[in-house]
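Please read this briefing alongside the sequence and the model. After a short note on terms and provenance, the points are grouped by topic.

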Amino acid sequence: MAEYLIKNGFVFDPAQKIKGDVADVAIKDGKIVKSVEKPKVIDAKGMTVMAGALEVHAHVAGPKVNIGRIFRPEDKLFTYRPTEKNHRMEGGFSIPTTYKTGYAYARLGYTTVMEAAMPPLFARHVHEEMRDTPIIDEGAYPVFGNNWFVLEYLKNKELENVAAYIAWLLRVTKGFAIKVVNPGGTEAWGWGLNCLQVKDPVPYFDITPEEIITGLIEANEYLGLPHSMHIHGNNLGNPGNYTTTLDTLKLAAGHKAKNKFGREQVMHHTHIQFHSYGGTKWADFESKARPIVDYVNKHKNITIDVGFVTLDETTTMTADGPFEHHLTELNHLKWANADVELETAAGVVPYIYSPDIFVSGIQWAVGLEIALLSKDPMRCYITTDHPNAGPFTRYPRIIKWLMSQKAREEQIKAFKANDKVVNASEIASIDRELNLYEIAQMTRAGPAKCLGLASMYGGLKPGQDADVAVYDFNPDKEHKPMEIEEAFSEVKYLFKTGVPIIMDHKFVSEGRKRTLWVDAKVNENPQVVRDVKEKFLKYYTVTEKNYEVVGKHFIPNPYAIEVDATH
Amino acid sequence: MNTVTLTPKAKPDLYLEVDNITPDRFAGKTNEEIAALHLYEGSTQHALGKFFDVAGSSGPTAAETKIVIKGDASRLKYIGMKMTAGEIVIEGNADMYVGAWMRGGKIQAKGNVEAFAGTGMKGGEIQIDGNAGNYLGSAYRGDWRGMAGGTIRVKGNAGSDTGYFMNGGTIIIGGNVDVHVATHAEGNGKIIIKGNAKSKVGGQMVGGEIYIFGDLEVPMPTFEYRKDVELEVDGTKAKFALFEGDTAERHPKRKGETIYGKIYMKY
Ligand SMILES: [Zn+2]
């Protein structure tokens, strides 16, 4: 493989505590190396150099995303970008085509992306779409929080069986981590109910969200998985829900991470913006970002991603079926719902976060407050819960808001009800401006550590994968807010595993994307084997053989992370 | 007003996407520049000049520019898309999306137009001397934002799904309409049908008005008779029976009064 030397850029690499020093980055055989002999030289003078960024939570592949694509043809209107050299046609805004997903992440400097909710029964579909998403390495989180096996084992306090079932499911679905969505609530939705508090009982199973969350944290650490239990808590999106969120976060207390990957958290709470609301109804809706962030700041065994509202027309989609039904009743726009037998469900509704509506403005403020009040950027990550709070293609705009108080002031001024937004939040009084080192922590080093992938990704240390992004942005110069957004909208150069993907803003290759999954070895467990067999015979409409994700068709280039959880 | 005349040279193999044929794009350009504007034939980009002779001259602004398509336009999609001012005259028949997302100015189609004319239209005027296809003055596939303003006048008949998701503006049809009129309509759009209508008129209608001068073959059971009213509609004074619905739909309240979709049937 060829050698490359990215010369004289301003390097931001929290993995090595490099804060914008002018330095060279050498690449050989897919890895970062100390030095190279006859490299192709890339002049990065006056530019910003970072590792490839990591996405911890986005909905980019699978049946739910595809429902969105199918029932929102209007999302593609006027968005097509025709075929070019090394580059297929792109289309879509909030629910882009698989090809656009790959290209658009690459253009932003992202090289690894996690699909946040894989219904196990449709794992094959998820993998087929990931296969068709070029360039970026991807993994997917199977959803466990409403799964009948999990609910039954946890009800009987059978930790070893939960762990064995999780290991089995990760292996057959080629999944990466334990995802929990509205624990118990989605199952309750099948009975026309929901779980809005952590102590609300799940019908039939007679278990509470609290027990599901705690049980899955224990199972996760019993297995020693690279990532932690990854939760979308109960009561999402409702005024006054911050107390439910605090109750959820408190469940991490007393648990300690046990793994060989350098991960420190036991709970990752996703899109916490949607869970940090005060008030009792929409009329007195207000931000409760501060109590949430205060709690997270003090507890090192918790990480969060934000789920910034980007003020766009977008498509909401979640395994939180009851929430989507609630949403369509609010905005009267079209609604799709799907049940996934024994496992989960999903709903999809278009949504417009309008700067003219004060609730949208407050949601925008809540997201930014969370990031700006956060004391440890290594534990707080940039996401939009794509496409729920906005499309991931808006990350450069979020970076602009985080780095420039002036940009935030301009947006506040543009809100129709700006006084209401200012009164119901503290965004106007925050003068913190994040620097590029902190942005690199929130998008590179932090997510890599949180996912247990810090040895491969998120840094520029010799030995790490050569995922490198070069932005045409000189951190020594004064910038207008818009220039920040423009610079981070399109990398000038991008390397993925040492392969040049974008050179001088043009795609030169689609690389060789990998699918990451976790292969956890556990003790033989005849009971779980028997239970799985029985459920397939009794309830599933497919056979076990037609369930498993196997073969090159689904995963042409797998990358298994092995965990030994035999006890 | 200056006039640019486009004369089709040969019938293309595939349908052409000609959203660049608007007074906005032509204004201030020489004929060579106009001929160099692009269009799509399938996935292939061509210069407009490959398919049209360009004569006459454009005005300095869209408002001062008139375009005449002299000949068959039945393989041209998106004529006048998003235009804001000026005029287009289509001498033959035209394909889909005539005047889609139009904001101002005037289009006259002397023949028939295919489906989706005036999709998402916000302002201006479309006059169709022949018949209109399906989805006249509607929303784009999947969208809930249909025609919001402007006027469409059809001398002949219209196809099915006229005014689908209509939110405003006026559609006047001289002849008959096929099934589904003003489905999902909301706001204050107005559809006047001088001829007959078939069925599913006003299905899932939240707001807006439909006037039918002729017969309605199968009325919706979810519309209720309210009263008789004397009205002048597009120059015709007559007595109408007012029906309100669709009662199976949600209906917003304004000043304590529930807003319904209205169907006026001429006696
Ligand atoms: Zn999500």
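A residue is called buried when its relative accessible area is under 20%, exposed when it is over 50% and partly exposed in between, computed with a 1.4 Å probe on protein chains only. By that rule D385(A), at 3% relative accessibility, counts as buried. This is a predicted model, in which local features need pLDDT of at least 70 and side-chain atom pairs count only at pLDDT 80 or more, whereas totals for chains, interfaces and linings use all residues. Residues are numbered from 1 along each chain as its sequence is written, chains are lettered from A and ligands numbered from 1 in the order in which they are written, and side-chain values use heavy atoms, with hydrogens and water left out.

**Zinc site**

- The zinc ion has as protein donors H57(A) through NE2, H59(A) through NE2 and D385(A) through OD, lying 2.1 Å from it; donors here are N, O and S atoms within 2.8 Å of the metal (3.2 Å for Na, K and Ca), and since water is not among the atoms, sites may look incomplete.
- Along the sequence the donor residues follow the spacing H-x1-H-x325-D, and the pair H59(A) and D385(A) links distant parts of the chain, being 326 residues apart.
- H59(A) sits in the loop between β6 (53–58) and α1 (63–71) of chain A, and D385(A) in the loop between β18 (380–381) and α12 (395–403) of chain A, where helices (H or I, at least four residues) and strands (E, at least two) are DSSP runs numbered from the N terminus.
- H59(A) is buried as well, because its relative accessible area is 3%.

**Buried elements of chain A**

- H268(A) belongs to strand β11 (residues 267–269) of chain A and counts as buried because its relative accessibility is 0%.
- The side chains of H268(A) and D305(A) are joined by a polar contact of 2.6 Å, a term for a pair of N or O atoms within 3.5 Å in which, within protein, one must be able to donate a hydrogen and the other to accept it, while residues adjacent in sequence count only if both atoms are side-chain atoms.
- Helix α2 (residues 98–108) of chain A is mostly covered, with 10 of its 11 residues buried, among them Y103(A), Y105(A) and R107(A); the residue that follows this helix, G109(A), has a positive phi near 90°.

**Interface of chain A and chain B**

- Contact, meaning heavy atoms within 4.5 Å, is made between 12 residues of chain A and 11 residues of chain B.
- The two chains bury about 930 Å² between them, 70% of it on carbon and sulfur atoms, buried area being the accessible area (1.4 Å probe) that two parts lose on being put together, summed over both.
- E74(A), L77(A) and F78(A) supply 45% of the area that chain A buries against chain B, more than any other three residues.
- The rule finds one salt bridge across this interface, where a side-chain nitrogen of Lys or Arg must lie within 4 Å of a carboxyl oxygen of Asp or Glu; R145(B) and E313(A) meet in a salt bridge at 2.7 Å, N to O.

**Around D129(B)**

- D129(B) lies in the loop between β10 (125–128) and β11 (151–154) of chain B and counts as partly exposed because its relative accessibility is 21%.
- Its side chain makes polar contacts with the side chains of Q108(B) at 3.0 Å and Q127(B) at 2.8 Å.
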